[in-house]
Amino acid sequence: MPLQMVRNDITRMQVDAIVNAANPTLLGGGGVDGAIHRAAGPGLLAECRTLGGCRTGEAKLTGGYNLPCRYVIHTVGPIWRGGQQGERAALTACYRNSLQLAVEQDCETVAFPLISAGVYGYPKAEALQVAVETIEEFLQQQELTVYLVLFDRTVYTISEQLHREIAAFIDDRYVEAHTDSRAEQSRRIAIQQSCPEVFAAPMPAAAPSAPAVDPDLLQAVRQMDESFSQMLLRKIDESGMTDAQCYKRANISRKLFSKIRSDLHYRPSKPTVLAFAIALRLPMDQTRELLCKAGFALSHSSKFDIIVEYFISHGNYDICQVNEALFAFDQSLLGG
Ligand code: AR6
């Protein structure tokens, strides 16, 4: 998945490069900088001494030493001074320059901490927004997997109000699902009736020595509905998007998309299907239909499902915002 938010200690990330939120001296400090230097060992500081420092917004490369990564990219974020002193532009430059350096070193995987969001005081929600937007924009042009490593549980990008609204949405539906199992049951039956092919038992292959298969049954199997892959490609065509525009909006890698495209019967994961539904801006009924093609349904017994349903039913198809909300509620994210 091209951009993934994970909660981890960046010094443990097994990637080609990790990014350090450094200061202009590049000679170490506290926060993530201190953690990286401690884990890398003295070789890192020795190499940093040769670099002549680094200006705000710029990035410099060193080896990874004892870290499980090949490189450390050191960038210097802006100190927050109220937001009117070019902080956003400088922070954007940190991400762009670091990513550019990673691409020049042929890195395929890069992990970032939330630059400037600690000692340098950049408000966390805004720092995360800049990070996500800049990385997403860069990934429109480059094939790379980027991890945004969030150390701190309180990094909510969604507003308090949105958090409350989603929590209420979950509560309403959770209660409904858990107090009325008949409703859940009839929903399941309705889904089964509307998508019989998904729930049908697999057909035995008609080997030459096998007993004759009922011709009506054979005919029925031949007339099977379009598969997930066929429906997805049709919907992309209908949307006027190119394949690349669609899989990038869905936060799906080109590799995964190629697999789906070339295998008529590909069975994607549920987050992958939902990522495409969001990328294609499908309304609820069409989202259910696409899910059904892959053998899934939306359930009110799952917070993940209810959160995605919240965004679709509110016409909000911004996958970053959906993922930020999923992250805030400790759910897995949409994408490959
Ligand atoms: N892994 C991932 N993220 C971390 C880790 C970790 N091990 N440790 C902290 N964070 P900060 P800045 C998060 O203060 O604001 C240093 O002294 C942390 O929760 O490390 O850019 C430098 O030398 C926060 O969200 O960096 C500079 O003087 C984010 O990393 C100054 O701090 C960044 O916090 C740079 O300040």
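A polar contact is a pair of N or O atoms within 3.5 Å. The model is a predicted one.

**The ligand and its shell**

- The ligand is surrounded by 21 residues, and the closest of them are Asn23, Gly30, Val32, Asp33 and Gly118.
- By residue type, the shell around the ligand consists of 11 nonpolar, 7 polar and 3 charged residues.
- Helix 1 (31-40) and strand 2 (17-22) each contribute at least two residues to this shell.
- Helix 1 provides the largest share of the shell, with 4 residues.
- The ligand takes up the space of the largest pocket.

- Asp9 places a polar side-chain atom 2.9 Å from a nitrogen atom of the ligand.
- Val32 has a backbone N or O atom 2.7 Å from an oxygen atom of the ligand.
- Ser116 has a polar backbone atom 2.8 Å from an oxygen atom of the ligand.
- On its own the ligand has 700 Å² of accessible area, and the protein covers 91% of it.

**Gly34 in helix 1**

- Gly34 is located in helix 1.
- Gly34 counts as buried because its relative accessibility is 6%, and the cut-off for a buried residue is under 20%.
- The C-alpha atoms of Gly34 and Ala21 are 9.6 Å apart in space, while the two residues are 13 apart in sequence.

**Helix 15**

- Helix 15 covers residues 319-328 and is largely enclosed by the rest of the structure, because 9 of its 10 residues are buried.
- The buried residues of helix 15 are Ile319, Cys320, Val322, Asn323, Glu324, Ala325, Leu326, Phe327 and Ala328.
- Just after helix 15 comes Asp330, with a positive phi of about 60 degrees.

**Helix 13**

- Helix 13 spans residues 284-293, and its buried residues include Met284, Thr287, Leu290, Leu291, Cys292 and Lys293.
- An α-helix has 3.6 residues a turn, so residues three or four places apart point the same way.
- Gly295 follows helix 13 and has a positive phi, near 85 degrees.

- Most residues other than glycine have a negative phi.
- Asn251 is a residue other than glycine with a positive phi, near 65 degrees.
- The position of Asn251 is in the loop between helix 10 (243-249) and helix 11 (254-262).
- Is Asn251 buried or exposed? Asn251 is buried, because its relative accessible area is 3% and the cut-off is under 20%.
- Asp330 is not a glycine either, yet its phi is positive at about 60 degrees.
- Asp330 belongs to the segment after helix 15.
- With a relative accessible area of 47%, Asp330 is partly exposed, because this value falls between the cut-offs of 20% and 50%.

Terms used: Residues numbered from 1 in each chain as written. Predicted model: local features only at pLDDT ≥ 70, side-chain atom pairs only at ≥ 80, totals over all residues. Heavy atoms only, no water. Near = heavy atom within 4 Å. Polar contact = N/O pair within 3.5 Å; in protein donor to acceptor, adjacent residues only side chain to side chain. Areas by Shrake-Rupley, 256 points an atom, 1.4 Å probe, with all protein chains shown as cover. 1 Å grid on protein atoms, 1.4 Å probe; cavity = no way out; pocket = protein on both sides within 12 Å on 5 of 7 lines; lining within 4 Å. Sits in = over half its atoms within 2 Å of the grid points. Nonpolar A, V, L, I, M, F, W, Y, C, P; charged D, E, K, R; others polar. Buried < 20%, exposed > 50% of the residue type's maximum accessible area, 1.4 Å probe, protein only.
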